[in-house]
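Reader: I would like to go through this model with you step by step, from the overall architecture down to single side chains. Could we begin once the structure is in view?

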2 protein chains.
Amino acid sequence: MSSAAETIAIEASSAFGILKTLSNDERSFALQAIHDGLKAHKDEILKANRVDLENAIKNELSSSLIKRLNLEDKGKFDSMLQGILDVANLEDPVGKITLARKLDDGLNLYRITAPIGTLLIIFESRPEVIANITALAIKSGNSAILKGGKESYQTFRAMSSVISNILAEKTKVPSHAIQLIESRSEVSDLLNQDKYIDLVIPRGSNELVRNIKNSTKIPVLGHADGICSIYVDEEFDLNKAIKIIIDSKTNYPAGCNAVEQILINSKVSKNQINSIIKSLVDAKVIVHVTDEIKNDILEFKDETYIQSVEDDSFDKEYLSFEIAVTLIDNVDKAIQHINYHSSKHTDCIITENKETANKFLKGIDSAGVYWNCSTRFADGFRYGFGTEVGISTNKIHARGPVGLEGLMSYQYQLKGNGHIVSEYVGAGGSKTFVHEDLEY
Amino acid sequence: MSSAAETIAIEASSAFGILKTLSNDERSFALQAIHDGLKAHKDEILKANRVDLENAIKNELSSSLIKRLNLEDKGKFDSMLQGILDVANLEDPVGKITLARKLDDGLNLYRITAPIGTLLIIFESRPEVIANITALAIKSGNSAILKGGKESYQTFRAMSSVISNILAEKTKVPSHAIQLIESRSEVSDLLNQDKYIDLVIPRGSNELVRNIKNSTKIPVLGHADGICSIYVDEEFDLNKAIKIIIDSKTNYPAGCNAVEQILINSKVSKNQINSIIKSLVDAKVIVHVTDEIKNDILEFKDETYIQSVEDDSFDKEYLSFEIAVTLIDNVDKAIQHINYHSSKHTDCIITENKETANKFLKGIDSAGVYWNCSTRFADGFRYGFGTEVGISTNKIHARGPVGLEGLMSYQYQLKGNGHIVSEYVGAGGSKTFVHEDLEY
């Protein structure tokens, strides 16, 4: 007998079989219909949202969390609706030819973009995310099983019910293409459904991502850590360095693309090192420095903001107004240090020397390698992807900020006219392959 | 303290850090040097190979295995050497720009192909494979830890020692970029080194692949099963069908791209179904048929070659002169059947109706979707990839026959001049992004 999770996964997988065959118009029409449906049911969705808010207040959740839950905050509902249309209007990611090759007369090979299959997407409590993910999944031809944070349960449920009804009544997209699951125990069962689920996308805390990576054989798209570094070269512009470091650390310290450690070339002058560290202290950042910096370089004392590095200071994601700083001999050592300690998310060099910059860009093994700009640019919207599915520190499949492309795979189509291999060399015959690239 | 496996993995990973920075000329020069070195040491390698052969004979291994071990067989040594030069002469896969975008004045984003990192490659006993894999790894800028079948141990060891010495003495490629490991126990320890190893590529039996997939968190590129199907539509050409089915089944039944099941549209005439099944029997293929075919359609009896389908006949990789045949109502049912039962490797439709073909090509969720040609074309050399790393049934990263591209990832390079996010909308400022694609 199938478990509940297996049933959900089988239904999602078989809905994918139908979704995969729909045209871009049919998929985009479904998004328009969902948009219209959510708009028409705005009142009941906001009513459900108010129940979540009341529960949140009753349970004394933090004010920032309550703010995130609130779908009436600052036109959030309308921008959620607009987001669905924006995704509908993106270029069709399905069926793009990426290789076309004549193997022999009448035997042509094509590589075509295709959806991956069934996605399991686990996200936090911002209720508008469900609309965004639904839109991305349908647009890309993937079916999705969704699990949202329990704080937004009533809102998710109301929206999901509208979405299911709309899909079933007005569109060619099977309603099981988008399924909301409600309990955490179902998630752990679903993580075992590697026969039917092709990719897990967790959008939440690092701990959530790490736990999921440790408990499934299904590929996981995401990042458990964002340990980003900035290396300040000896040939650098102090103003740029301070501007970039302060932005990278303080613009949004909880972001995975915030900088966590600074490596300063040991030939940089004491004065300049003092200026860099002072600017961090002035921005109320706790700076963990090495003994060398503390004893031989720092010309000021500040017992609150200047602290010593700890054993794990260079393997740590502070996610707050804290940072680690050390000196390093040269760019080669900086590359080694970063390749060893960083989480391969985004790392930056500050230098005016192009050759040194190129060495760094070539040597660093991270999803993002930056020159003279803030690590905070590592973001799908800033990259112009229209949307962001997540940021990946994986080294296979999608890497860095992931747009709609990250939800795509490809297939090889081979079109012949009775061609068989035993007529070709290597398989018993004498015919040879043409292997001529075709225009596409 | 590091385990032996951890030490190997750390050394490979740090060798990758250097290999990643080398130019195509430096990598290709290393291949030329390996070619020259293996050529110069031909005598001692063949001597080691003879020890393996003697052991194989002593251990009464099969004659086909002994033939595979023999590096003196049919100019195998020379074609192995030529293979290294062929890989050296392939286009450089590293550093290709695949996206270039102006984010704002002076702030440009580039997506650049880059090697994945450290590969663990587990392969069988054909001794020439070690040269091929070494060439592919170095050309693509990846470091590799290699484990070959124990039957070729002496040959592998002799070749590996030549390769290490050549790398250390004559090239910029660190010798730890290619490491041979010798015991199976090291493999299981290495499968735990997910911090340092980025991709496992098993090239061997399905059981090996399945075991590895079940015992590591590292992504595995490969296929555990090759359950390929052919669907014969009602509007079809009988001669083409028979030709393609016989080739797909009998050209090399042990191949993962051999067909394992035939679905015949139930509107196909009894005569034609008889012809198809008769042609299989004539080719000495055991045909497992449904009761419907056996009782109502077959006009001949053959107790050796005509057998009944079993419970698992449509979920099974025969890998031999055996096949399962059933009738199916229409192309939609065929698509459903295949998406449920196939291993998403390669599936084919035989039809003269273009619309039906397109429905099938669009609906089937496999790496290869074929129209009127043998499933045996699913192969990197036949696709013109110059080389084949393996065939993947994964749905993320590389899919189908995998060439050098499958060993590549990418990185985002962002080049600015003091740009910070807090000056842009959404992060506290008022500047907007340009997002203009650049020529490349």
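Author: One definition is needed first: a polar contact is a pair of N or O atoms within 3.5 Å, and within protein one of them must be able to donate a hydrogen and the other to accept it. Please keep in mind throughout that this is a predicted model.

Reader: With that criterion in hand, which side chain does the side chain of Gln411(A) join in a polar contact of 2.8 Å?

Author: Gln411(A) belongs to strand S16, residues 408-419 of chain A. Its side chain has a polar contact of 2.8 Å with another side chain of chain A, a value that falls within the 3.5 Å limit. The partner is Lys20(A).

Reader: Which backbone oxygen does the side chain of Gln411(A) reach at 2.7 Å?

Author: Beyond its neighbours within four places in sequence, Gln411(A) is in contact with residues of chain A, including Tyr110(A) and Ile112(A), and with residues of chain B, among them Leu361(B), Asp365(B) and Arg399(B). The backbone oxygen that the side chain reaches at 2.7 Å also lies in chain B, and it is that of Ser366(B).

Reader: Is Gln411(A) buried or exposed?

Author: The cut-off for burial is a relative accessible area under 20%. Gln411(A) has a relative accessibility of 4%, and therefore it counts as buried.

Reader: Turning to Tyr110(A), what separation do its C-alpha atom and that of Leu414(A) have?

Author: Tyr110(A) is placed in strand S2, residues 107-115 of chain A, and because its relative accessibility is 19%, Tyr110(A) counts as buried. Its contacts beyond the neighbours within four places in sequence include Ile97(A), Gln411(A), Tyr412(A) and Leu438(A). Although Tyr110(A) and Leu414(A) are 304 residues apart along the chain, their C-alpha atoms are separated by 6.4 Å.

Reader: For helix H2 of chain A, what distance separates the end C-alpha atoms?

Author: Helix H2 covers residues 24-40 of chain A, and at 1.5 Å a residue its 17 residues should span 24 Å. The separation found in the model agrees with that expectation, because the end C-alpha atoms are 24 Å apart.

Reader: Which helices do the buried residues of H2(A) pack against?

Author: The buried residues of H2(A) include Arg27(A), Leu31(A), Ile34(A), His35(A) and Leu38(A). They pack against helices of chain A, namely H1 (4-19), H3 (42-58), H5 (76-88), H6 (129-140) and H7 (153-170).

Reader: In chain B, which residue of S11(B) is the bridge partner of Ile264(B)?

Author: Strand S8, residues 259-265 of chain B, is mostly covered, with seven of its seven residues buried. S8(B) pairs in the parallel sense with strand S7 (residues 228-232) over five bridges, and Val232(B) stands opposite Ile264(B). Five bridges also join S8(B) to strand S11 (residues 322-328), again in parallel, and there the bridge partner of Ile264(B) is Leu327(B).

Reader: Which helix makes a right-handed β-α-β unit with S7(B) and S8(B)?

Author: The two parallel strands S7(B) and S8(B) form this right-handed unit with a helix of residues 238-250 in chain B, which is H10.

Reader: Where is His397(B), and is this residue buried or exposed?

Author: His397(B) has a phi near 60°, a positive value in a residue other than glycine. The residue sits in the loop between strand S14 (390-392) and strand S15 (400-402) of chain B. Because its relative accessibility is 13%, His397(B) counts as buried.

Reader: Finally, how far apart are the C-alpha centres of the domains of chain A?

Author: Chain A contains 14 helices and 17 strands, and 60% of its 440 residues count as buried. The chain is divided into domain 1 (4-214) and domain 2 (228-377). The C-alpha centres of domain 1 and domain 2 lie apart by 38 Å.

Technical notes
Residues are numbered from 1 along each chain as its sequence is written. Chains are lettered from A and ligands numbered from 1 in the order in which they are written. This is a predicted model: local features need pLDDT of at least 70, side-chain atom pairs count only at pLDDT 80 or more; totals for chains, interfaces and linings use all residues. Side-chain values use heavy atoms; hydrogens and water are left out. Helices (H or I, at least four residues) and strands (E, at least two) are DSSP runs, numbered from the N terminus. Buried means under 20% relative accessible area, exposed over 50%, partly exposed in between (1.4 Å probe, protein chains only). Contact means heavy atoms within 4.5 Å. The expected span of a helix is 1.5 Å times one less than its number of residues. Domain bounds come from an automatic or database domain assignment. Two strands pair if DSSP finds at least two bridges between them. A crossover is right-handed if, with the strands pointing away from the viewer, the path from the first strand over the helix to the second runs clockwise.
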